[in-house]
Amino acid sequence: MCGRLKGQTLETLLADKGWCKWATDEYNKGELKGDLKSFVHKYVLKPEPKVKPTKEPAKQYNLDGRSFTSQKKAHEHLRLLLQEIGEHESLKQDKGKFKRLHDILQLHPSEEKRALVCSCVDLEVYVKDDVYHINLVMKDGTKDPISWSKCATQKEDTEMEELTQAMRHTVNDQIQAFRLVNQHCKVCALCKTQTGEFHVDHHTPFFVELKEAFLERDIERPTTYVKEGYNTVLPPGQFKDEWVEYHRANAKLRWLCRGCNLTNKPPSSKKRRI
């Protein structure tokens, strides 16, 4: 079969089905060597060119007429917007601000919440524990809290995120006690500034480390939670009682300015046994 190569053009050789079949079989059996092997691989087998996998485009978070490449950026934009709007017992008095915020709240991932947004007649914006909160004001005067941060992330919490939030809110009285006792000595533990907005921070261990170490205990985890004002907290029981005492005994709190708190990232997966 090799003799057929002599005097053949590439076109006539490739048109010879008998030779192409022989060459393919010999190649697959590993019998071909050197230039002939390369020739058959390139012209007879014609391997498909390697295509680099295309990266999926980053998810875009659209709100307030803008597009953001991350949840964090969308969340920060909305936080600054609420700061710009300020506290309002009745936002409908300012039609521009009301419509702007009302449109954003319709991005909430819960269909039930979106329905309430559509039927509300006013919005209340207020600050509690240095955090902005929003209430939907209904026709009968009742108020229903809505999470503006979920309008930025545009997704519901996972089971673990829901548990984590409930654990965090359940020990909020300990955070508030720290605020009251230390309200006259606010100094950022990292940059030492004494001015601006301050946050209470968990440090050595971080909150995520406290939570992960506690969840290693053999205690049945709650699957339902209790609504306490704007927040959800742990239901009464062994899990709640032990978590409250565990946090009280092991949490080390400190003041951080807002800038340092946002850049001081805790470990995401490292577990620390307390």
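How many nonpolar, polar and charged residues are in the lining of the second largest pocket? Point 2 has the reply, after a word on the model.

1. Welcome to this structure, a predicted model in which local features need pLDDT of at least 70 and side-chain atom pairs count only at pLDDT 80 or more, while totals for chains, interfaces and linings use all residues. Residues are numbered from 1 along each chain as its sequence is written, and side-chain values use heavy atoms, with hydrogens and water left out.

2. The lining of the second largest pocket has 4 nonpolar, 1 polar and 3 charged residues. Here Ala, Val, Leu, Ile, Met, Phe, Trp, Tyr, Cys and Pro count as nonpolar, Asp, Glu, Lys and Arg as charged, and the others, Gly among them, as polar. You will find Glu 159, Met 160, Glu 162 and Leu 163 in this lining, along with Arg 221, Pro 222, Thr 223 and Tyr 225. A pocket is an open set of points on a 1 Å grid over the protein atoms alone, where a 1.4 Å probe fits, with protein on both sides within 12 Å along at least five of seven lines; lining residues have an atom within 4 Å of a point.

3. Next, look at helix H8 (residues 159-170) and H10, which pack at an angle of about 105° with their axes 11 Å apart. That makes H8 roughly perpendicular to H10 (the term covers 65 to 115 degrees; under 35 is roughly parallel, over 145 roughly antiparallel, and the rest oblique). Helices are DSSP runs of H or I with at least four residues, strands are runs of E with at least two, and both are numbered from the N terminus. Axes are lines fitted to C-alpha atoms, for helices over the stretch in contact, and angles run from 0 to 180 degrees between N-to-C directions.

4. On the H8 side of that contact (heavy atoms within 4.5 Å) are Met 160, Leu 163, Thr 164, Met 167 and Arg 168, which meet Phe 207, Lys 211, Phe 214 and Leu 215 in H10. These residues divide into 6 nonpolar, 1 polar and 2 charged.

5. H10 (residues 207-215) also packs with helix H11 (residues 238-250): their axes come within 11 Å and cross at roughly 135°. That makes H10 oblique to H11. The residues of this contact divide into 8 nonpolar, 2 polar and 2 charged.

6. H8 and H11 complete this set of pairs, with axes that come within 10 Å and cross at roughly 60°. H8 is therefore oblique to H11. Leu 163, Met 167 and Thr 170 of H8 make the contact with Phe 239, Lys 240, Trp 243 and Val 244 of H11.

7. Finally, two backbone spots deserve a look. The peptide bond from Thr 204 to Pro 205 is cis, with omega near 10°, and Pro 205 lies in the loop between strand S6 (198-202) and H10. Gln 154, in the loop between helix H7 (148-153) and H8, has a positive phi near 55°. Most residues other than glycine have a negative phi, and most peptide bonds are trans.
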